[in-house]
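Below is a brief report on selected packing features of one protein model.

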Amino acid sequence: MEKVYKRTIGIKPDFVSGFCPGCMHGTVHKLIGEVVEELGMLDKLVRCEGVGCCGLGQLYVTHDLNISAHGRACAVATGLKRTNPDSLVYTYQGDGDLASIGLAETMSAANRGENITVIFINNGIYGMTGGQMAPTTLIGMKSTTSPKGRDPQEHGYPMHMCEILNQLTAPYYLERTTCDTPANVRKTKAAIKKAFQNQIDGKGFSMVEIVTTCPTNWGMDPMKALDFLNEKMLKEFPLGVVRDKSKEE
């Protein structure tokens, strides 16, 4: 019998996800493994992890990785890519890591047009560290540090990282996706593949923002979390390509 679908060798064969039920981190890890395996670049792949749930990826991936200080993944990725230009370098970061403590590093790498790929997981909250308010937390959304809900007068407004980076000249490709349905999983895979191919082609900075769920810290079961994602998160963070310079070439 012909096997039409198999586990990617980008994930360890004894992989059992330690991510919470309903979390989309596992799906995104699978997609990264599949994409880079298809590109024939797994032996060149280097991961720069942020801190938090993103750091759990070290337990599952089969390629080289580096765990950077909180928020510094884009800076570390810059050094790795510049000193090893034949490597395929990517960061894997959450919203607190990329858009809060690492905002300067993210903006600077994007502004320089560093030839790296950024996978940005946006679930609107700090995950592993206790469910605190993140830069992407929605207005009115409760967290451990905003128990009455995010108040823009006190906390400011949610940050839209694709749109913020789109104000810079250098970034080559910015897209926002999600993994709530099979169709959107396929779109996310295509976006990740495009972002890596851009790096292979020397196009510069690419970021795929993936809007995901965090049932544990949202205080919901996985199905209700999917409803919240569709009814609230995707209205604040609409899906689609924000910038693709290949369309201008």
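## Helix packing

Helix α2 (residues 73-83) packs against helix α4 (residues 103-112) at an angle of about 40°, with the axes 8 Å apart. On the α2 side, C74, A75, T78 and R82 make the contact; α4 supplies E105, T106, A109 and R112. These residues divide into three nonpolar, two polar and three charged. Here Ala, Val, Leu, Ile, Met, Phe, Trp, Tyr, Cys and Pro count as nonpolar, Asp, Glu, Lys and Arg as charged, and the others, Gly among them, as polar.

Helices (H or I, at least four residues) and strands (E, at least two) are DSSP runs, numbered from the N terminus. Axes are lines fitted to C-alpha atoms, for helices over the stretch in contact; angles run from 0 to 180 degrees between N-to-C directions. Contact means heavy atoms within 4.5 Å.

The model is predicted: local features need pLDDT of at least 70, side-chain atom pairs count only at pLDDT 80 or more, and totals for chains, interfaces and linings use all residues. Residues are numbered from 1 along each chain as its sequence is written, and side-chain values use heavy atoms, leaving out hydrogens and water.

## Rings and charges

Rings of Phe, Tyr and Trp (its six-membered ring) pair if their centres lie within 6.5 Å; planes under 30 degrees apart are stacked, over 60 edge-to-face, and the rest tilted. The count comes to three aromatic pairs. One of them is edge-to-face because the rings of F19 and Y60 have planes at 65°, with centres 5.6 Å apart. F19 lies in the segment before α1 (25-38) and Y60 in the loop between β1 (45-49) and β2 (64-67), so the pair ties together parts 41 residues apart in sequence. F19 is buried (under 20% relative accessible area; exposed is over 50%, partly exposed in between; 1.4 Å probe, protein chains only), at 9%. Y60 is buried too, at 7%.

Two charges sit over rings (NZ of Lys or CZ of Arg within 6 Å of the ring centre and within 35 degrees of the ring normal). R47 sits over Y92, 4.5 Å from the ring centre. K194 lies over the face of Y173, at 5.8 Å.

## Two buried strand residues

T178 belongs to strand β5 (residues 173-178). Its relative accessible area is 0%. Its side chain reaches the backbone oxygen of V211 at 2.6 Å. Residues touching T178 include M24, I210 and L239.

S206 is in strand β6 (residues 206-211), also at 0%. Its side chain makes a polar contact with the side chain of N198 (3.1 Å). Such a contact is a pair of N or O atoms within 3.5 Å; within protein, one must be able to donate a hydrogen and the other to accept it, and residues adjacent in sequence count only if both atoms are side-chain atoms.

How values were computed
Lists of a residue's contacts leave out its neighbours within four places in sequence.
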